[in-house]
Amino acid sequence: MKAVNVGICGLGTVGGGTFNVLTRNKSDIDAKAGRHINITHVAARQLNPDCDTSSVKVSDDIFAVAEDPNVDILVELIGGTTIAKDLVLKAIQNGKHVVTANKALIAEFGNEIFAEAVKNKVTVSYEAAVAGGIPIIRALREGLAANRIEWLAGIINGTGNFILTEMRDKGRAFEDVLKEAQALGYAETDPTFDVEGIDAAHKLVILSSIAFGMPLQFEKVFTEGITAISSADVAYADELGYRIKHLGITRRRENGVELRVHPTLIPSSRLIANVDGVMNAVLVKGDAVGPTLYYGAGAGAEPTASAVISDIVHVARSVNGDTSEVDYDANVPHLGFATDQLSNFNILPIEEVETAYYLRISALDQPGVLSKITQIMSEAGISIEALIQKEPAEGQDHVPVILLTNRALEKQIVAAVSKIEQLDSVAESVVRIRVESLK
Ligand code: HSE
């Protein structure tokens, strides 16, 4: 059977990992694909000293791979959305299948790229774009195909989870942990993508589109990062039996779909609450299967390479042995649903999202203050699940009051909090963190 020739663009952390794992495990991988998978061309601005590229064609122009008639699958690992987009479109137009780990590219330009791929009868695979080594795209598109997905929630940024874990367990400073994540190759080139939730938003929109069968709408994801999380809130959450995790959550509701990334208190007893360090996890609730949990390394060279290579094997298995054309009809649609069956669900604005809340209020330590706060909540129709008042710190006349609310619409909470902040007996802004039971 004809071999499949692979051209790798980008030889950084993930490119280097892909090159090395494909080379190291070649005989097993070929046996699984049922044919030889050969790296025939690599292109990178600079070579990776960890990769022995002496037996492959090496270019410094990535577009040389897209133009190489000998390449069947172009693997895009350069990142970014400008040159990467041109490269991927060029490869597609030249009849090459594409494998990419580029979540920003798929989240922002996936609709256009998939349409071009369908037109040119090639595939674009992107397992590595979400949750690193966890095969979550395949699980959603294939393993859970029987289900009507109700919701999913995931820790889908390894850097953010690593930072929150180190802060909680070792009391380390935010900046210090971030530097370590960069040195370990977990963080994005621009690490604000990690800590401000943009990276997680890219991944969430992809998961949501596959879960519910709708076009990608990155601009509609509500995104809040982890930079404002204080060690005081981490400690109070612990005391209440919760962990703070940075979650991507998408949920089907009667009037639309929730699509949101933000720090979230989750009960410590949930398995996902105990996913620490750079590890990722995605909890998916299907109507038939119930809750399922997927766990693994969300970043790093070889975990991400594992997902990239699974796509290469998938493409290698589905292309015709003699001509390298993909058996297109038998292939899995890019977003799991047939392209003409995608729905334009309404993405709910954050005000319409329904969630419980952790509120930390700095209140004057005198009689009647708590009753004013609880009265505002009750007038807003929001029930209180738990309330604790801490001791005042030495010399302070204000005390932290922590409320856990029941579920309510975000706009109800915002209105009530604004009234609480106007009380003379309340100093500073109220700290608000959403709470999910993930039942
Ligand atoms: N910066 C990303 C993360 C890399 O930390 O999860 C994997 O997408």
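Me: At roughly what angle do the axes of helix H5 and H10 cross?
Reply: This is a predicted model. In it, helix H5 covers residues 103-119. The axes of H5 and H10 come within 9 Å. They cross at roughly 55°.

Me: Are H5 and H10 roughly parallel or oblique to each other?
Reply: Angles under 35 degrees count as roughly parallel, and 65 to 115 as roughly perpendicular. The axes of H5 and H10 cross at roughly 55°. H5 and H10 are therefore oblique.

Me: Is the crossing of H5 and H10 left-handed or right-handed?
Reply: The axes of these two helices, H5 and H10, come within 9 Å. The crossing of H5 and H10 is left-handed.

Me: Which helices each supply at least two residues of the shell around the ligand?
Reply: The ligand's surroundings include Gly158, Thr159, Asp199 and Lys203. One supplier of at least two shell residues spans 158-170, and another spans 198-212. These are helix H7 and helix H10.

Me: How many charged residues does the shell around the ligand have?
Reply: Lys103, Glu188, Asp194, Asp199 and Lys203 are among the residues that surround the ligand. By class, the shell has 3 nonpolar and 4 polar residues. Its charged residues number 5.

Me: Which residue has a polar backbone atom 2.7 Å from a nitrogen atom of the ligand?
Reply: A polar side-chain atom of Lys103 lies 2.6 Å from a ligand oxygen atom. For Glu188, a polar side-chain atom lies 2.6 Å from a ligand nitrogen atom. The residue with the backbone atom is Tyr186.

Me: What share of the ligand's accessible area does the protein cover?
Reply: On its own, the ligand has 260 Å² of accessible area. The protein covers 93%.

Me: Is the crossing of H2 and H12 left-handed or right-handed?
Reply: Helix H2 is residues 26-33, and helix H12 is residues 301-318. Their axes come within 9 Å and cross at roughly 40°. That makes H2 oblique to H12. The crossing of H2 and H12 is right-handed.

Me: Are H13 and H14 oblique or roughly antiparallel to each other?
Reply: Helix H13 is residues 369-379, and helix H14 is residues 410-421. Their axes are 9 Å apart, at an angle of about 155°. H13 passes H14 in a right-handed crossing. Angles over 145 degrees count as roughly antiparallel, and H13 and H14 are therefore roughly antiparallel.

Methods
Residues are numbered from 1 along each chain as its sequence is written. This is a predicted model: local features need pLDDT of at least 70, side-chain atom pairs count only at pLDDT 80 or more; totals for chains, interfaces and linings use all residues. Side-chain values use heavy atoms; hydrogens and water are left out. A residue is near a molecule or strand if one of its heavy atoms lies within 4 Å of it. A polar contact is a pair of N or O atoms within 3.5 Å; within protein, one must be able to donate a hydrogen and the other to accept it, and residues adjacent in sequence count only if both atoms are side-chain atoms. Accessible areas come from the Shrake-Rupley method with a 1.4 Å probe; for residues, only the protein chains shown count as cover. Helices (H or I, at least four residues) and strands (E, at least two) are DSSP runs, numbered from the N terminus. Ala, Val, Leu, Ile, Met, Phe, Trp, Tyr, Cys and Pro count as nonpolar, Asp, Glu, Lys and Arg as charged, and the others, Gly among them, as polar. Axes are lines fitted to C-alpha atoms, for helices over the stretch in contact, and angles run from 0 to 180 degrees between N-to-C directions. A crossing is left-handed if the near helix is turned anticlockwise from the far one by less than a right angle, and right-handed if clockwise.
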